[in-house]
Amino acid sequence: MAEMKAAQILQKYDGPPVRIMEVCGTHTHEIFRQGIRRILPAKITLISGPGCPVCVTPAGFIDETVSLALEHGCTICTFGDLVRVPGTSMSLADARGQGAKVRVVYAPADAAEYAAGHPEEQVVFLSVGFETTTPASCIAVEKAAALDNFSLLTAGKTMPAAYDAMRHSTDLFLYPGHVHAITGTGICEKLAEEGVSGVCAGFTASELLTALAVAVTRFEKGEPFFVNCYPRVVKREGSPAARRLVERIMEPCDSEWRGIGVLPMSGMKLRDKYARYDARRKFSLPPMHGRSNPACRCGEVLQGKCLPRDCSLFGKVCTPEHPVGACMVSGEGACSAFYLYG
Amino acid sequence: MKEEYVTLAHGAGGKKTAQLIETVFRAAFENPYFTADDAAVLRVPQGELAMTTDSFIVSPAFFPGGNIGKLSICGTVNDLACMGAEPLYMTCGFIIEEGFPLEKLKKVAEAMSQTAREAGVLLVAGDTKVVGKGQADGVFINTTGIGRIMDGIRTSGALARPGDVIIVTGDVGRHGCTILLEREDFGIEADIKSDCAPLWKAVRSVLLEVPDVHVIRDATRGGVGTVLYEIAGQSGVGCELNSEAVPVDPAVRGVCGMLGLEPLYLACEGTMVMIAPGDKADRILDILHGSPHTQGARAIGKITKEEAGRVVMRTRIGALTLLPPPGGELLPRIC
């Protein structure tokens, strides 16, 4: 089995100490589920980066959703994980207890379909996620062309700014395969030229172990590198069709990452032409800056500056049942993974 | 023909109520013990009795692989079977929402009758109440069952011992996955049927040949994972699973992959956990494989002295990881 060979390479690794940041929440989750951390030697450290869309969603965004639901009476359609993320004073789950209409959907298009079937309701879809999920939100906007009761509250993010912000926190990146299936690998190659190494990885045990084995083997040689270890899905050019779709409907903007701050041009918003699908403009929402628990160290966890157990709230005040920080909410969050898998 | 509905008059105790009982329930449940009086009169068997009750509120009431009627018999029969008890008598109480189609109610009663016959249990008494529109969701059913415990059998969640084998009697998570797909608008189409089935006959065949089974648990709400955590706690032992050995229907695995769910935490309605001395594993599996509802039975792990109170998994790369303990509501993952 390929994965056993890769596992052996990792276990025998005796090169210089190496920090590897997995940028994707699904990677974090799968690494724990497969027990990969348990077989790594002390010289290899894995850092869980800012690639869980729920974890980087700021409190202010949750405040906006609560306002839309309770003050404007909108029906909120969202991916399930967001429901429990704490805002400044409450989460969407709390708002639901106060009468807010919150529907969990699996795809943005389902939200548009719901709006079509419920013309008496104002339906707002919470458009969060990275390059992988943004095209689906754009498809929903196109699908809803004839509707005047459907809009998006956008908080979509793009990865390049995050790579830039994190480049000094790690020795190399384990790039998220699904993001680069859309963007292509140009950005990774460019970073390698600038001295930032990385490998692009898939999501099965075998794909993750192979990518990690390739990464440490190349790292030991000392030259910056990029290797696409997920060629089955990730092509050099990515998906031009998906990028054209997003380009037509959305444009880059500055965006706040929970715990990290505002990263310039790291977000996506609707173009002026699509303003009528923009919930912020449609309902004239005032700017909301939100405030999270000051003791929460999610931001540092996301940047690999501390481990979840270094946070004074971890496992005591902050648990999956009662999350304080967003990293504890999603099954993909680093704190949740550390808590659940012990 | 005009469609007929249950009305508040059906619950008022008069002619309409009698008519409902005659045409729907008596027609389906007829047996010598089924009472027209205030209480059923039963013969007391020798030995020890087991008794259990359960309420069923599944939404939707009809789903691929069964309906609330079939479920209400399986749930109670299987709870008795877990104690090594042959199901003898059952009662059923219906709470019906005004406006529920009579035709559907007949289908529910027919499913109950058919499943009860298969399990060899007699429905001896029942009750019907009708509530106003919106005061219940379609139909709710409560069933209570009495069974006779087989001589020499003693099963309990506190009896698991290091070295025991952990067996599941079929693939895991199918009922929970079926309901999830029916209930939520995920727009995912998958060919998945609930595993809902009465398991007494399979359990009986095992216990006749292997009376020293230590634990039998019905993996309903919370699934196999929750049941194993309960047993680990009650017996003060650890459960070590082989992740590759856990049987999961490929469609269920696919759906769980998309929604970020763990099949071990999805409900089963026709799959049990059996824990027995390790040297009996092959014999038990042979017997289960000969019974219609348990042909997918597999040994999935063992009971250990180490890791007391916890459930750990040996993953395909040989690493030992914790199965995250049960908690919170089931939420789909984003990406």
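Which residue of β12(A) is the bridge partner of A:C253? The partner turns out to be A:G267. Everything here comes from a predicted model, where local features need pLDDT of at least 70, side-chain atom pairs count only at pLDDT 80 or more, and totals for chains, interfaces and linings use all residues. Residues are numbered from 1 along each chain as its sequence is written, while chains are lettered from A and ligands numbered from 1 in the order in which they are written.

Back to the strands (DSSP runs of E, at least two residues, numbered from the N terminus, just as helices are runs of H or I of at least four). Strands count as paired if DSSP finds at least two bridges between them. β11(A), residues 250-257, runs antiparallel to β12(A), with seven bridges joining the two.

Zooming out, chain A splits into domain 1 (1-296) and domain 2 (298-340), with bounds taken from an automatic or database domain assignment. Their C-alpha centres are 17 Å apart. Across the boundary, 28 residues of domain 1 are in contact with 20 of domain 2, contact meaning that C-beta atoms, placed from the backbone, lie within 7 Å. On the domain 1 side, α2(A) (25-33) and β2(A) (44-48) are the elements giving two or more residues, and α2(A) gives the most, with five.

Methods. Contact = placed C-beta atoms within 7 Å.
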